[in-house]
Amino acid sequence: LEDKSAAVINQMGQTETLASRMLEDKSAAVRQTCAESLGRFGQWAGAATHQLSLALHDSAPEVRKAAAQSMACLGEALAPEVVALIRALEDLVEGSGTDV
């Protein structure tokens, strides 16, 4: 049980670090990698749903895409951010001139 608790605490720390770098790093490639990595944590990254929703408005389209894909991996932890995801996807579609 102690090993499992330590693993959870470690993942939480990694989630916070990735979420912070995803929003603050100057490199779009780093921000994209952070967003993709958060998705690999699945529901464990639930604490980062707000940061992922902010990344949906990143200046780099590859970061926005990675954030949206990662949010899809969060399962039930995502519920509060679903509206933000839908709006961001609608904005992307409107900007591309494609119908939904």
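I take helices as DSSP runs of H or I, at least four residues long, numbered from the N terminus. The model I am reading is predicted.

Entry 1, helix H2. I looked up what comes after H2 and found glycine 42, with a positive phi near 60°. At the other end, serine 27 caps the N-terminal end of H2, with a side-chain oxygen 3.3 Å from the backbone nitrogen of alanine 29. I then checked the length: H2 has 13 residues and spans 19 Å from first C-alpha to last, close to the 18 Å expected at 1.5 Å a residue. For burial in H2, I noted Ala28, Arg31, Cys34, Ala35, Ser37, Leu38 and Gly39 as buried.

Which residues touch the most other members of the largest nonpolar core? I found Met22, Leu38, Leu52 and Leu56, out of 22 residues in that core. Helices H1 (2–24), H2 (28–40), H3 (49–55), H4 (61–72) and H5 (82–96) each supply at least two of the core residues. H4 gives the largest share, five residues. I recall that nonpolar side chains tend to be buried together in soluble globular proteins.

Leaving out residues up to four places away in sequence, I listed the contacts of methionine 22 as Arg31, Cys34, Ala35, Leu38, Gln51, Leu52, Ala55 and Asp58.

I located glutamate 76 in the loop between H4 and H5. Is glutamate 76 buried or exposed? I count glutamate 76 as exposed because its relative accessibility is 71%, and the cut-off for exposed is over 50%.

Note on methods. Residues numbered from 1 in each chain as written. Predicted model: local features only at pLDDT ≥ 70, side-chain atom pairs only at ≥ 80, totals over all residues. Heavy atoms only, no water. Core = buried A, V, L, I, M, F, W, Y, C linked by side-chain atoms within 4.5 Å. Buried < 20%, exposed > 50% of the residue type's maximum accessible area, 1.4 Å probe, protein only. Contact = heavy atoms within 4.5 Å. Expected span 1.5 Å × (residues − 1). Polar contact = N/O pair within 3.5 Å; in protein donor to acceptor, adjacent residues only side chain to side chain.
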